[in-house]
Amino acid sequence: MPSWIVFAIVVLVFSIAAAWIVRRLLDAEIGWLRAWITALVVFIVMSPVAVWTLTETDVYRDGQIIVSGSVALAMVALTIGWMLAVVVIVILTMEFLWPSHRWRNPVTIVRDALRRRDRARRYAQILAIGSRHGITFYESRRAGNEEELPTALVSAMNEAGVTFVKLGQVLSTREDVLPPAFTTALSTLQMDSSAIPWAEAEVAIREQLGRPLSEVFAEIDREPLAAASVAQVHAARLVSGEEVVVKIQRPQARAQVTTDLDILDRLAVEAERRTDWAKAYGAHAMVTEFARGLREELDYRIEANNTELLRATVRGQGRFTPRIPRLFGEFSTAQMLVQERATGTPFSRLLPGALPPDEALEVADALMDAFIDQVMVKGVFHADLHPGNLILTTDPSRHGARASVTLIDFGAVGIVESSMRRLLLAMLIGVANEDDVAVTDVALLMCGPPAGAVDTSALQRDIGTLLTRVHVAGTDGSFFGLLLDVLRRHRIAMPPSLLLVFRTLGSLEGTLRKLVSDYDMVQRAVKIAPELALSMHSARGTLLDVQTWSALLSEQARRLPRRLENVTRGLDEGTLSVRVRAFEGVEERRLLDDVLGRMTTIAIGIALVLTGVLLTTDGGGPMLTDDVSSFSFLGSVVGLGGLLLLLRGLRTALRRRV
């Protein structure tokens with residue numbers, strides 16, 4: 001048989017066997033094709049080195065084996081073993097630099113390629129916007145005027161579109177994360193945008209209706225009442241005669257938001273991987289929650305449900321009950337809403353003196369009372385009470401009163417659970433009584449256990465100082481914003497539901513000051529808090545609480561004798577044991593086993609490599625060939641085994657990259 005055929009067979013057998021061994025040894029998802037090609041190339045490249053090694057060890061000379069068959073077989077096997085080690089090293093290096101993946105569905109490959117293209121385009125747009133506003137590299141601005149950075153950031157976010165505007169609005173509520181200069185600047189972000197042409201809007205409305213516009217609307221204005229980054233609003237009249245507004249989502253809004261959220265998610269993951277502050281504040285969890293909320297805002301069916309939820313919440317709140325426009329569900333879809341048109345003047349356009357001072361104060365107090373009732377009693381509240389979302393109506397023929405208020409835009413609705421409502425009420429009562437101890441304790445209860453040590457004395461002192469200022473001289477800003485600033489200085493983060501309440505309170509305070517320029521929302525809140533507390537504790541509610549806790553205590557009391565018997569029996573028999581919850585779960589035990597196994601493997605590998613080096617350098621024992629002693633041969637075998645074990649110990653790092 002020709003020698004080249006023999007060589008080809010040896011190469012094929014080695015490459016297949018080496019690929020199988022490498023995949024088993026590294027215990028990772030390494031592709032067969034990569035392993036086989038790597039083994040093939042390594043064998044071809046290393047063959048001259050192997051021949052030279054056998055020649056230098058007096059095993060092979062002039063095309064002939066010059067030692068006994070068993071020695072020759074052992075030396076060839078050792079040489080092939082070291083070639084296998086080279087294959088493992090090469091593949092391990094390639095996996096670190098270029099991880100292999102399984103073959104994927106062609107449809108998935110094409111879809112991912114399109115997403116990468118969209119991300120690349122959006123990255124370029126964002127970088128261009130940041131560059132125009134001078135914030136591409138923050139470090140380059142640190143040497144300049146840092147006061148310009150928040151303003152530049154707001155300008156860039158306004159230009160970047162809906163996702164970044166919404167993100168900025170959310171971050172403006174995180175006084176526990178960002179400095180006041182940033183939160184103040186981000187709170188000025190606006191959603192206004194240029195309108196899409198009527199032809200595009202008409203097509204989008206017709207697609208949502210599934211029929212011609214003339215079958216639903218007697219007329220519809222071509223010019224929108226308002227246009228934002230996500231949607232625009234047109235006035236219309238139904239064929240049945242009702243005056244309505246049509247809120248239609250921009251055709252490309254959902255696609256752009258999807259791309260932006262994908263980018264934010266990747267940036268958050270990378271930030272947590274590279275920085276401690278992102279991990280401490282839970283950047284990825286924050287982005288995930290933001291993405292969930294934004295996707296919900298893009299689904300107008302959720303806004304329709306929020307509308308009906310708020311309608312039920314405000315029902316029966318008194319003479320100045322905020323009005324909720326009627327929703328026409330038969331014409332509303334996930335991307336379009338048809339609602340009754342609210343007439344009047346938005347608070348954002350109110351002129352000074354729009355109402356007589358006494359009536360303006362009465363309306364402001366009524367709105368504040370209604371909001372406190374929503375938060376403290378019902379637990380459901382409108383979470384976006386900026387001046388544009390409240391409309392003042394002074395037509396007595398429409399609502400039977402001199403003035404009334406209509407709420408619009410129900411994309412953001414907050415929900416506060418019962419236990420948190422009780423704590424909020426306790427905080428308001430503590431503020432009313434200037435009880436710094438109670439307010440501090442309630443704040444710690446609301447925020448939960450802090451991540452690190454908290455100086456409660458210093459926290460109480462700062463809160464007490466704030467309460468004294470409020471009671472003596474009032475405050476020009478929002479009390480709740482100042483309270484969040486105190487908590488931020490002490491590295492205490494509030495739960496998102498409470499941050500939403502405080503943010504809405506800040507927005508409402510600015511809105512109410514459109515009616516009464518010096519309106520003191522905190523004084524009104526603390527004034528009604530005791531009355532609200534009394535109204536929340538009815539005889540029926542107290543009786544139900546007593547029944548509930550009596551049932552719980554009774555059930556626990558029934559189980560107590562058996563538990564005591566089990567404890568005393570264990571003490572008598574010497575079988576009482578204490579279970580440690582550390583490493584109790586299956587995943588924890590598996591992690592511990594994996595760590596111990598890896599440490600053991602690495603320790604044994606190091607020991608074998610050191611032993612191999614000592615045996616090889618000793619050179620003692622019987623001579624297998626003229627130049628190789630048995631100790632040197634044994635040291636090479638032991639060292640090879642130790643090296644393979646060490647390479648196997650690196651498989652955890654390999655998994656992280658794969």
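Helices H16 and H20 are oblique to each other. The class follows from the angle: under 35 degrees counts as roughly parallel, over 145 as roughly antiparallel, 65 to 115 as roughly perpendicular, and the rest as oblique. This is a predicted model, in which local features need pLDDT of at least 70 and side-chain atom pairs count only at pLDDT 80 or more, while totals for chains, interfaces and linings use all residues. Residues are numbered from 1 along each chain as its sequence is written, and side-chain values use heavy atoms, with hydrogens and water left out.

Start with the packing of that helix pair. H16 covers residues 418-432 and H20 covers residues 496-512. Their axes lie 12 Å apart, at an angle of about 45 degrees. Axes here are lines fitted to C-alpha atoms, for helices over the stretch in contact, and angles run from 0 to 180 degrees between N-to-C directions. Helices (H or I, at least four residues) and strands (E, at least two) are DSSP runs, numbered from the N terminus. H16 passes H20 in a right-handed crossing. A crossing is right-handed if the near helix is turned clockwise from the far one by less than a right angle, and left-handed if anticlockwise.

H16 has another neighbour. Helix H17 (residues 436-447) and H16 have axes that come within 9 Å and cross at roughly 160 degrees. H16 and H17 are therefore roughly antiparallel to each other. Their crossing is left-handed.

Next comes H19, residues 479-489. Eight of its eleven residues are buried, so H19 is largely enclosed by the rest of the structure. Buried means under 20% relative accessible area, exposed over 50%, and partly exposed in between (1.4 Å probe, protein chains only). The buried set includes Phe479, Phe480 and Leu483, and also the charged residues Asp485 and Arg488. Arg491 follows H19, with a positive phi near 55 degrees.

Now the sheet. Three strands form an open sheet in the order E8-E10-E11, with antiparallel pairing. Strands E8 (345-346) and E11 stand at the edges with a single partner strand each, so one side of each has no neighbour in the sheet. Two strands pair if DSSP finds at least two bridges between them. E10 (residues 390-393) and E11 share four bridges. Across this pairing, Thr393 stands opposite Ser404, and Ile391 stands opposite Thr406. E11 spans residues 404-407, and both of its faces are covered. Ser404 and Thr406 are buried on one side, Val405 and Leu407 on the other.

Finally, the rings. The structure holds two aromatic pairs. Phe14 and Phe43 form a tilted one, 4.8 Å centre to centre with 40 degrees between the planes. Phe14 sits in helix H1 (residues 3-26) and Phe43 in helix H2 (residues 32-56), 29 residues apart. Phe371 and Phe381 form an edge-to-face pair, at 5.8 Å and 80 degrees. Phe371 lies in helix H14 (residues 357-378), and Phe381 in strand E9 (residues 380-382). Phe371 and Phe381 are buried too. Rings of Phe, Tyr and Trp (its six-membered ring) pair if their centres lie within 6.5 Å; planes under 30 degrees apart count as stacked, over 60 as edge-to-face and the rest as tilted.

One ring meets a charge. Lys247 lies over the face of Tyr300, 5.0 Å from the ring centre. The criterion is NZ of Lys or CZ of Arg within 6 Å of the ring centre and within 35 degrees of the ring normal.
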